[in-house]
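Work through the exercises below with the model open beside you. Try each task before you read its solution.

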Amino acid sequence: MKPDQSHIDRWLLARKQQRSNRTHALLLKGLLEGSVSTLSQAITLIESNTKEDIQIAQKLLSSLPEPKQTAKRIGITGVPGVGKSTFIEQFGMQLIKAGHKVAVLAIDPSSSRTGGSILGDKTRMEQLSMQPNAFIRPTAAGHTLGGVAQYTRQAIALCEAAGFDIILIETVGVGQSETLVHGMVDFFVLLMLAGAGDELQGIKRGIMELADLIVINKADGENTAPAKAARSEYAAAIHVFAQRPDQWQPRVVCASGMNGTGLDEIWNITESYFNQLQQVGILGEKRQMQELQLFDKLLFEMLQAQFFAKAEYSELYKSIRVAIAEGKIKAYEGQAALQERMKDNP
Ligand code: GDP
């Protein structure tokens, strides 16, 4: 007798569904119990490219209960070598000793270009990574900035569900990444060095304007006095920035991630920031605005990808660029030519 293919297909589908339901239930249970290995597995699912994984991940994300307490999302940025991982290790250990559960999500957008990850180094944060109440994870590389932001937000939601109440989001200061991280955290900390000069540190004034707290790091040994001087300079520089909608006056402090000085003060400032935001009642509003900005970014990237997926458009785009670069046409003429083509051939 000939096997009935549609019957087999239905059976296979039902089995797949059963497996995915079981995986989903197990993941949800593990997460809510605070299992770090489940959390790790769940993040792997959101980073996956397979349809089945994506479905399970989406189902998992949409079935997460409202967290009992939303985690404090703290962004930490600064150029390579400024001392981020040393700082996070000490700061994280201190928070764990105070009874917190700390997740560190490290973002390295440059790895999508270079293929390697500066943050992938296993020797980083050795002490912290051994703590049962710590979770350290580099987020997926190889995606667009909007993509990275989306995964990181989902990872944040998973960490919250697993009971992590402090989420440190570390990023390497390479241009766009700071704005990316600023758009997904509540409190944004910029680590800087004394005497290195803004230009040298690749820190643009715009980034300083985004910071809620500037830390002059490595303020120890011979560097203590220059750090204090830098602190006054930066404090004067940021004082002239326009008043912010959340009324927060950004602060500048000295610290040493290596010997732990200044970390208590940094935590006190962080807490007073959250208290202020909660009092004014704008923390939720801030997060919603960030969600809106992410939506715009994802939409923009989607449209861009759709545009370039059409060989006809991307060819025309390239030739228009050449013509503009050679001074044969103006930008607006190039844009008009593209618009014309898109109208004729949507
Ligand atoms: P990252 O690249 O920003 O993550 O920086 P690291 O934490 O890896 O630190 C870079 C270098 O600076 C390492 O050699 C650290 O030992 C050193 N370092 C980090 N923090 C401090 C600090 O607070 N004081 C001093 N003196 N050195 C530090």
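## Exercise 1: α7 and α12

Helix α7 (residues 145–161) and helix α12 (residues 283–309) pack with their axes 9 Å apart, at an angle of about 135°. This is a predicted model, where local features need pLDDT of at least 70, side-chain atom pairs count only at pLDDT 80 or more, and totals for chains, interfaces and linings use all residues. Residues are numbered from 1 along each chain as its sequence is written.

**Solution.** 

Step 1. Helices (H or I, at least four residues) and strands (E, at least two) are DSSP runs numbered from the N terminus. Axes are lines fitted to C-alpha atoms, for helices over the stretch in contact, and angles run from 0 to 180 degrees between N-to-C directions.

Step 2. Apply the angle classes. Under 35 degrees is roughly parallel, over 145 roughly antiparallel, 65 to 115 roughly perpendicular, and the rest oblique.

Step 3. Assign the hand. The crossing of α7 and α12 is left-handed. A crossing is left-handed if the near helix is turned anticlockwise from the far one by less than a right angle, and right-handed if clockwise.

Step 4. List the partners. From α7 come G146, A149, Q150 and R153; they meet L294, K297, L298 and E301 in α12. Contact means that the C-beta atoms of two residues, placed from the backbone, lie within 7 Å.

Step 5. Sort by class. The contact of α7 with α12 has three nonpolar, two polar and three charged residues. Ala, Val, Leu, Ile, Met, Phe, Trp, Tyr, Cys and Pro count as nonpolar, Asp, Glu, Lys and Arg as charged, and the others, Gly among them, as polar.

## Exercise 2: the two contacts of α2

**Task.** Describe how α2 packs on α7 and on α3.

**Solution.** 

Step 1. Start with α7. The axes of α2 and α7 cross at roughly 155° and come within 10 Å. That angle makes α2 roughly antiparallel to α7. The crossing of α2 past α7 is right-handed.

Step 2. Find the residues. L39, A42, I43, I46 and E47 in α2 meet Y151, Q154, A155, L158 and C159 in α7. By class, the contact of α2 with α7 has eight nonpolar, one polar and one charged residues.

Step 3. Turn to α3. Helix α2 (residues 36–47) and helix α3 (residues 51–62) have axes 8 Å apart and pack at about 120°. The two helices are therefore oblique to each other. The crossing of α2 and α3 is left-handed.

Step 4. Find the residues again. A42, L45 and I46 in α2 meet D53, I56, A57 and L60 in α3. The contact of α2 with α3 has six nonpolar, no polar and one charged.

## Exercise 3: the ligand shell

**Task.** How many residues surround the ligand, and which are the closest?

**Solution.** 

Step 1. Count the shell. There are 14 residues around the ligand, and the closest are G83, K84, S85, T86 and M258. A residue is near a molecule if its C-beta atom, placed from the backbone, lies within 6 Å of it.

Step 2. Find the main contributor. Helix α4 (residues 84–97) gives the most to the shell, with three residues.

Step 3. Sort by class. The shell divides into three nonpolar, eight polar and three charged residues.

Step 4. Follow M258. It lies in the loop between β7 (251–254) and α11 (263–280). Leaving aside neighbours within four places in sequence, M258 is in contact with T86 and D220.

## Exercise 4: buried or exposed?

**Task.** Are K218, I107, M258 and R321 buried, exposed or partly exposed?

**Solution.** 

Step 1. Set the cut-offs. A residue is buried if 20 or more other C-beta atoms, placed from the backbone, lie within 10 Å of its own, exposed if 12 or fewer, and partly exposed in between.

Step 2. Apply them.

- K218 has 26 C-beta neighbours inside 10 Å, so K218 is buried.
- I107 has 28, so I107 is buried.
- M258 has 16, so M258 is partly exposed.
- R321 has 12, so R321 is exposed.

Step 3. K218 sits in the loop between β6 (213–217) and α10 (224–239). I107 is in strand β2 (residues 102–107). R321 is in helix α13 (residues 311–325).

Step 4. Check the backbone of K218. Its phi is near 60°, a positive value in a residue other than glycine.
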